[in-house]
Amino acid sequence: MNINEIKSQFPIFSKKINGKTLVYLDNSNSSQKPMGVINKLNNFYKNEFSNIGRSIHSLAVNATNKFEETRMSVKNFINAKFKEEIIFTKNATEAINLVATTFGQQNIEKGDEIIITELEHHSNYVPWHFLRETRKAIIKFAPINEDGDIIIDKLKELITPKTKIVAVTHLSNVTGTIIPIKEIVEIAHKKNVPVLVDGCQSVPHIKVDVSDLDCDFYAFSAHKVYGPTGVGILYGKKKWLERLPPYIGGGAMISEVKKEKIIYAQLPEKYEAGTMPTAEVIAFNESIKFMQLIGKDNLMKHEKEITNYALEKLRKINSVKIIGNPKNKAGVIAFTIKGIHPHDIATILDEDGVAIRAGHHCCQILHEKLNLIATARASIGIYNTKDDIDALCKAIENCRKIFDLK
Amino acid sequence: MDLKQLYQDIILEHGKSPRNLGICKDYSHEAKGYNPLCGDKVHVYLKLNSGKKVEGLTFEGDGCAISLASASIMTELVKGKSFDEAKEIMSAFLNMIKNTSELQSNHLDEDQKTKLMSLSGVKQFPMRVKCATLAWHTLVSAMEEKKEEVNTEVID
């Protein structure tokens with residue numbers, strides 16, 4: 001696999017940003033887009049545009065077919081059993097909200113328990129908090145240890161007859177911890193508790209097979225998988241999606257509308273009301289092709305190599321502290337530099353063309369647990385090279401120089 | 001954008017060793033400020049005398065070099081000023097950072113102006129403006145005896 005060839009598919013890397021070559025290390029936030037995806041979007045709007053669904057003119061038929069082709073690709077990409085188990089949403093956040101709202105309406109009553117973890121992104125906490133407010137549910141947090149691993153035994157102990165669902169991330173966007181989802185699903189299913197997985201960080205970087213994981217719901221966003229913004233994916237087991245009530249009402253999600261009653265559409269339309277991000281869903285197919293052409297094994301091998309190189313180099317820099325040391329770590333590296341606030345780090349690195357993120361990364365619970373207000377975070381994508389890591393380390397040295405650190 | 005304009009020596013120095021850090025003895029007013037974007041926090045303690053003059057002004061906080069330096073410089077410049085003078089300096093500061101890059105105040109001498117001008121580089125870094133304004137908004141909140149915490153996402 002030739003990384004330079006892969007990188008050359010991303011037009012942004014041939015541009016100068018602030019007069020500098022871009023070193024993009026904010027992939028946990030969002031990824032850059034390859035030409036195939038950009039061309040597909042462009043071509044659809046230029047030559048093929050139509051809304052999907054009801055119309056029977058040829059443009060509409062073509063658009064509908066392409067839209068459904070993406071659904072099929074997603075199904076194969078994450079190894080779902082049925083195409084109808086793939087629902088398109090606005091983003092992963094909406095996908096989790098969809099489950100929390102509809103599952104909550106049907107299954108959560110006062111005193112019922114929802115288990116999440118201390119690693120969760122706000123988008124896998126706030127939707128459940130709504131159920132705490134509206135349905136008086138209880139949220140329990142499965143704790144992490146010092147390394148940033150979830151303490152599985154503790155999670156196990158939290159499950160009671162009152163537990164209605166477990167919602168957990170597959171890969172932490174701060175510590176890079178890869179969570180043993182299969183093990184958690186087995187534990188929860190033994191007690192008949194369904195599991196929702198937040199797969200935002202995992203789908204772009206590790207193998208995801210929802211049939212093997214046996215999880216009940218799996219949510220992720222297209223834009224982190226080198227795809228367009230505006231598209232989220234919810235995988236849900238058919239038995240759940242058929243049973244749960246609809247979420248957003250409107251056109252396309254109905255099969256029959258009378259004054260006295262409404263019959264809802266079958267899956268997947270039941271959950272796809274109104275005009276969808278048609279062009280973006282169609283272009284997302286190109287991202288999946290891009291990922292499949294590289295192959296997850298190659299991708300994981302490359303990102304592991306770059307991650308290990310980064311960890312090794314960063315550890316050698318005085319006063320740099322890497323947050324978390326999980327058993328299984330992906331290319332997400334949160335760090336602090338003693339004496340320099342993460343926001344100052346991010347601003348100074350940006351001047352050298354190095355794009356990272358600083359803040360709490362939408363994980364205030366985790367930062368509070370670690371006694372940190374903010375961290376800096378470098379996150380790796382398929383196009384990152386050892387040169388990028390060298391540039392990161394050089395920019396950090398510059399940062400230390402400006403702040404006169406020894 | 002020029003980084004040297006943002007991280008001037010005076011800012012780095014104040015950021016590293018902030019003045020008037022701690023709780024002001026016998027303070028009469030206080031307020032808390034919070035920047036939810038980065039988690040920066042500041043707590044301003046103010047002692048106003050009977051003539052509504054700032055007799056003491058200190059702060060506690062955790063934040064970036066820009067926010068600490070801004071708070072530190074603020075405590076130095078506002079001490080000894082009246083309520084109205086402090087508000088005029090604050091508007092002059094905000095105008096400099098958000099609009100003009102120039103500082104027009106009738107209540108600061110040239111040395112004080114130079115000191116405050118060191119923060120004018122922030123204007124070129126829009127994501128960092130709130131770091132510089134947090135302490136100032138919190139000071140006004142303390143003076144006006146507002147109860148709720150200042151939140152940069154709500155006020156700016």
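Residues are numbered from 1 along each chain as its sequence is written, and chains are lettered from A in the order in which they are written. Because the model is predicted, local features need pLDDT of at least 70 and side-chain atom pairs count only at pLDDT 80 or more, while totals for chains, interfaces and linings use all residues.

User: Hi! Which element of chain A gives the most to the side that touches chain B?

Analyst: Counting a contact when C-beta atoms, placed from the backbone, lie within 7 Å, 14 residues of chain A are in contact with 15 residues of chain B. Helix 12 (342–351) and strand 16 (357–359) of chain A each supply at least two residues of that side; helices are DSSP runs of H or I with at least four residues, strands are runs of E with at least two, and both are numbered from the N terminus. The top contributor, with five residues, is helix 12 of chain A.

User: Thanks! Is Leu119(A) buried or exposed?

Analyst: Leu119(A) sits in the loop between strand 5 (113–117) and helix 5 (126–135) of chain A. Beyond its neighbours within four places in sequence, Leu119(A) is in contact with residues including Ile144(A), Thr169(A) and Leu366(A). A residue is buried if 20 or more other C-beta atoms lie within 10 Å of its own, exposed if 12 or fewer, and partly exposed in between. Leu119(A) has 29 such neighbours, so the label is buried.

User: Which strands are the edges of the seven-strand sheet in chain A?

Analyst: Strands pair if DSSP finds at least two bridges between them. The sheet is open, with mixed pairing and the order 4-10-9-8-7-5-6. Inside that order, strand 8 (residues 195–198) and strand 9 (residues 217–221) of chain A pair in the parallel sense over three bridges. Pairing on one side only marks the edges, strand 4 (86–89) and strand 6 (138–142) of chain A.

Definitions and conventions: Two residues are in contact if their C-beta atoms, placed from the backbone, lie within 7 Å.
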